[in-house]
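Good morning, everyone. Please take a moment with the sequence and the model before I start.

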Amino acid sequence: MDKNITGMLKEEITSSFEKLKTIDTGSKEHASAVEDLAKLYRLAIEESKADQEIRIKKSEIKNSLTRQNAELELKQKELELKDSQYMLERDMKEKEVESTEKELKERKIDRYVKMGLAIAELILPLTFYAYWMKRGLKFEETGTFTSTTFRGLFGHFRPTKK
């Protein structure tokens with residue numbers, strides 16, 4: 001619609017110039033025609049300024065929207081980056097927790113094995129000593145140590161480490 005108004009103004013200005021050529025100079029009609037032509041020129045200039053302002057505003061709005069879209073994209077990328085960093089940190093903490101739990105399990109198993117070995121170190125020699133003492137004492141029912149084998153073994157029967 002603005003293009004039609006501008007086109008109509010140009011046509012009117014052109015026709016006014018044509019009419020002005022036919023009117024005698026210095027007459028009241030000539031002065032009135034010049035005044036009308038000047039008004040038309042002012043209107044054309046104002047319309048041109050308005051069109052230019054509208055184009056500038058549109059350009060500014062377009063630039064503003066482009067800038068806002070770029071800022072939104074940047075913020076979205078930053079959020080995605082933060083999200084991926086959070087996921088990495090969470091995965092690392094989960095792996096750390098898993099490794100700690102695994103280490104604790106291994107320590108527990110190791111502790112039970114060491115405890116079992118310690119018990120075995122104590123019970124096995126005591127069982128061995130008890131068995132040979134019983135056999136040796138059965139052999140020596142008289143009350144005196146007569147066999148040299150049992151006498152030699154008796155000296156080594158100690159439930160402590162050397």
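Is Arg107 buried, partly exposed or exposed? Arg107 is exposed, because its relative accessible area is 52%, and the cut-off for exposed is over 50%.

First, some ground rules. This is a predicted model. The mean pLDDT of the chain is 84. Of its residues, 81% reach 70 or more. Confidence is highest in helix H2, with a mean of 90. It is lowest in helix H3, residues 148–156, where the mean is 61. Where pLDDT is low, the predicted coordinates should not be read in detail. Keep that in mind when you look at H3.

Now the overall layout. The chain has three helices and zero strands. Along the sequence the pattern reads α-α-α. Helix H1 covers 2–22. Helix H2 runs over residues 28–139.

How much of the chain is buried? Of the 162 residues, 10% are buried. The chain exposes about 14,700 Å². Carbon and sulfur atoms supply 60% of that area.

What about contacts along the sequence? Take the contacts between residues at least 6 apart. Of these, 53% join residues at least 24 apart.

Next, the core. In soluble globular proteins, nonpolar side chains tend to be buried together. Which residues make up the largest nonpolar core here? There are seven: Leu9, Ile13, Leu20, Ile23, Ala33, Leu37 and Leu40. Helices H1 and H2 are the elements that each give two or more residues to this core.

Pick out Leu9 from that list. Leave aside its neighbours within four places in sequence. Leu9 is then in contact with Leu40, Leu43, Ala44 and Glu47. Leu40, you will recall, is in the core as well.

On to charges. How many salt bridges does the structure hold? It holds three.

Start with Arg107, as promised. Its side chain meets that of Glu103 in a salt bridge, at 2.7 Å from N to O. Both residues lie in helix H2, four residues apart, about one turn of the helix. Arg107 is exposed. Glu103 is partly exposed, with a relative accessible area of 39%.

The next pair is Glu94 and Arg90. Their side chains meet at 3.7 Å, N to O. Why are they about one helical turn apart? Because they are four residues apart in helix H2. Glu94 is partly exposed, at 40% relative accessible area. Arg90 is partly exposed too, at 34%.

The remaining pair is Lys114 and Asp110. Here the N to O distance is 3.6 Å. These two are also four residues apart in helix H2, so about one helical turn separates them. Lys114 is exposed, with a relative accessible area of 54%. Asp110 is partly exposed, at 37%.

Last stop: the surface. Which residues make the nonpolar patch? They are Tyr112, Met115, Ile119, Leu122, Ile123 and Leu126. Together they make a patch of about 580 Å². Leu122, one of them, lies in helix H2.

To recap. Three helices, zero strands. A nonpolar core of seven residues. Three salt bridges. A nonpolar surface patch that includes Leu122. And a predicted model throughout, with its lowest confidence in helix H3.

Key
Residues numbered from 1 in each chain as written. Predicted model: local features only at pLDDT ≥ 70, side-chain atom pairs only at ≥ 80, totals over all residues. Heavy atoms only, no water. Patch = residues over 30% accessible without salt bridge, like charges linked within 9 Å, V, L, I, M, F, W, Y side chains within 5 Å. Areas by Shrake-Rupley, 256 points an atom, 1.4 Å probe, with all protein chains shown as cover. Salt bridge = Lys/Arg side-chain N within 4 Å of Asp/Glu carboxyl O. Buried < 20%, exposed > 50% of the residue type's maximum accessible area, 1.4 Å probe, protein only. Contact = heavy atoms within 4.5 Å. Core = buried A, V, L, I, M, F, W, Y, C linked by side-chain atoms within 4.5 Å. pLDDT = per-residue confidence, 0-100.
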